[in-house]
Structures are given as C-alpha cells and as structure tokens.
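Grab your viewer and let's work through a few exercises on side-chain packing. Try each one before you read its solution.

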Amino acid sequence: MENYKDEKHRQWADKVYQKICQKMEAQTRRVGTDIPYIPENGRYRDMGKEGIHWWTNGFWSGILWQMFHATGEELYKDTARGVEKRLDQALDHYSGLDHDAGFIWLHAAVADYRLTGDEEAKERGLKAAGALASRFNPAGQYLCAWNGNRPGHMIIDCLMNTPLLFWATRETKDPRFALMAERHIDTALKYIVREDGSCNHIVVLDPLTGEFVDNPGGQGYEQGSSWSRGQAWALYGFLLAFQYTGKKQYQDASKRVAHYFLANAALTDYVPLLDFRAPLEPVYYDTTAGAIAACGLLALAETVGEYEKNLYQTGAIKLLRAIEERHCNWNFDEDAIVDFGSAKYHRESDREVPIIYGDYFFIEGILRLVEKSFLIW
C-alpha cells in the first residue's frame, strides 16, 4: 500500500498472505458452495439451509472474490458464483430481507459485477439495492434495521450497508439511492456517535415523527456501554461514506471513532474487548472488532496526509498482528482462520468463537497490506 515502508511488517504480511492462500484453497475445495457461519468441531454448517436471509451469508462470497482478485484462480470465481446463485432464494422471498441486504449482495453479486462485468450479477445487485432503499423512513431519515414490530430501530451496523445504495446510484445515475444513504448517515452521526468517539449500537426513533425515543443496549454489555464491533462498524462505515461523498464531517467522525478505538485496544495489547465499557471480570474478547477496525484504519490512512498516515497504518498492523499471533488457526484440515470472535456480550453460544466475518475482514486487511485487495464496499 502507499507509503507502506516498514520492510519487517511487509515481510510478515507476505508470509501471512501465503498461509491464507494455502488454507483458503484447502477450505474452498472442502466447503464449496455451502454458506459458512460458525464452525462446530472444525467444520462449518451450511447456513444456506438453516436461514438463507441470515446477515452473514455474503461473507464467504466476499472471501472468495477477494481471493480470486488476489490470485486469479478460477476455483474461487466458480465457487463464488455458485453461492451467488443460491442467494437468489433470499432475493425471491422479499419479506425476509432487512437492512443487511448490503452485507450480503455487496459481497456476492456486486463483487462479481465489479470484477467480471457480469450483467446477471448487476441485476441481482440492483434488486438488492431496491430492497434496501424500500426500508428508508422519510420522517426519521433512516434505514429501518429489522422487520417485525421494530419500525423505529436504526443501528450502527447499517453504515456498512449504505455502499450498496451509493453503488446503485453510480450504476443507474438515479440520485435517490445515494440521497437515502446520506440521510441515514447524517442521522447516525446525530444520534449514534457520541462526542468522545464511542457509539450506541441501537437508536430508536418514532417512525411517524422521527423524534428520538431511546438508545437501548443492543449487543454490548448495557445501555450506554461501548460494544467494540459497533465502534469498528462506525470507524469503517463513516470512512466509506467520506470516500463516496467527499464530506469531511464523515471523515472527521471516522477519525474520532478511530482514536477512541485505538486508545481502548492498546490497553489489551490490541485484541479488543467485546465491550470497552464492561466490568473488568469476566473478560471477553472480540477479534472480529479488531479485524474490521484494521480495515477501516488502512482505508482511513489512504485519505490523510503523509505525516498523518502512520497513526492509522501502525494501529491497523498492531491489530492484525495481535490476531495472527494469538488467535489464528492455520490447520488446513479445520474450517475458519480467526478464533475468539464474539457476536453478543450476553450470549455464550457465539462468544469467543470463530465467525465467518472475522475471517473476511482479516483477509481483507492482509490483502490491503500486500496490495492485492479490491474495494468490495
């Protein structure tokens, strides 16, 4: 990457990249077009059979397209296309879709179209963008997160879905998609990001008036705490918003969250706690937060001046090295690379376990360092 001068770290990243290539080839041949989530006894179950709309169902495709771009190996493209076609089941059942259409189809159809120009993939992406746009609430200027009886809920995660709308505007020349994305981002900036750079996970607005109602605790420890993956979503999400719009207030928000995140991660040697404002005991970690934040920091470094880059690049490398040195599984006979990912503070079943998006962001981060990534967002 630009201005990446530390030869010691570059050699480390090159070695990790080679290990990723070896493990991903073995895992791709084994997993195929199954849709991974969390492995059990070293093997992934197929989430495509258990819940085709599940929000993480695009990350395996994202890994495959990143690996295809990096290596040129047809194995990855062919497998990703198989997953993409399976996800048509989700597009065909509209009532099951929510704001995570971005997470799913940016990594599947849109990645395919960006790399290959496939017109069927483009149509899938635009259909997903239409579904996401349909969730926009004009009274509150936000994208409704979930279905059911929660029409006023917006969440920090959705910043990572808004690139689907920006992409749709670029493809169709229709400004409505991007306008919805910007309005949602502005609302997140108003209600979700706190002055110190920490974030709420959930904000509830009155769906009829747009007035603020509540900020419940969400997936962190409690209301007012600081769920680390939410901080990572904000860091990367606001930076992506800046890249699409050029609006400096989005870059400033990303920086504010980045400084808060790095200050807290440094206290635990760069493997982030699951929540930065939780009791000292028990200690729960979330490597996925570190991997997401690292990608955001590397992207942020590309948007700042020469003498500002080092803070963000060095912080990203420290996060990725901490994950690789302490929590990576390079056994080719077992699924998943990154362990100690946590989805939710108060749920043991998916706390400190390998989770597919941990692998995606770790791989994206390493590919950024060895200059083999492409922007999937």
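Rings of Phe, Tyr and Trp (its six-membered ring) count as a pair if their centres lie within 6.5 Å. Keep in mind that this model is predicted.

**Exercise 1.** Find how many aromatic pairs the structure holds, then classify W55 with F59.

*Solution.* Start with the total: there are 25 aromatic pairs. For W55 and F59, the ring centres are 5.9 Å apart and the planes stand at 90°. Planes over 60 degrees apart count as edge-to-face, so that's what this pair is. W55 and F59 are both buried. Now widen the view: W55 and F59 belong to one aromatic cluster together with F103, W233, Y236, Y357, Y360, F361 and W377.

**Exercise 2.** Classify the pair F166 and Y244, and work out which parts it ties together.

*Solution.* The centres of these two rings lie 4.8 Å apart, with planes at 10°, so F166 and Y244 are stacked. F166 and Y244 are both buried.

**Exercise 3.** Is S342 buried or exposed, and what does its side chain reach?

*Solution.* First locate S342: the loop between α13 (309-327) and α14 (356-369). Its relative accessibility is 0%, so S342 counts as buried. Its side chain reaches the backbone oxygen of Y285 at 2.6 Å. Beyond its sequence neighbours within four places, S342 contacts residues including R229, D286, R351 and Y357. Follow R351 onward: its charged end sits over the ring of Y284, 3.9 Å from the centre.

Technical notes
Residues numbered from 1 in each chain as written. Predicted model: local features only at pLDDT ≥ 70, side-chain atom pairs only at ≥ 80, totals over all residues. Heavy atoms only, no water. Helix = DSSP H or I, 4+ residues; strand = E, 2+ residues; numbered from the N terminus. Buried < 20%, exposed > 50% of the residue type's maximum accessible area, 1.4 Å probe, protein only. Polar contact = N/O pair within 3.5 Å; in protein donor to acceptor, adjacent residues only side chain to side chain. Contact = heavy atoms within 4.5 Å. Phe/Tyr/Trp six-rings, centres within 6.5 Å; stacked < 30°, edge-to-face > 60°. Lys NZ or Arg CZ within 6 Å of the ring centre and 35° of its normal.
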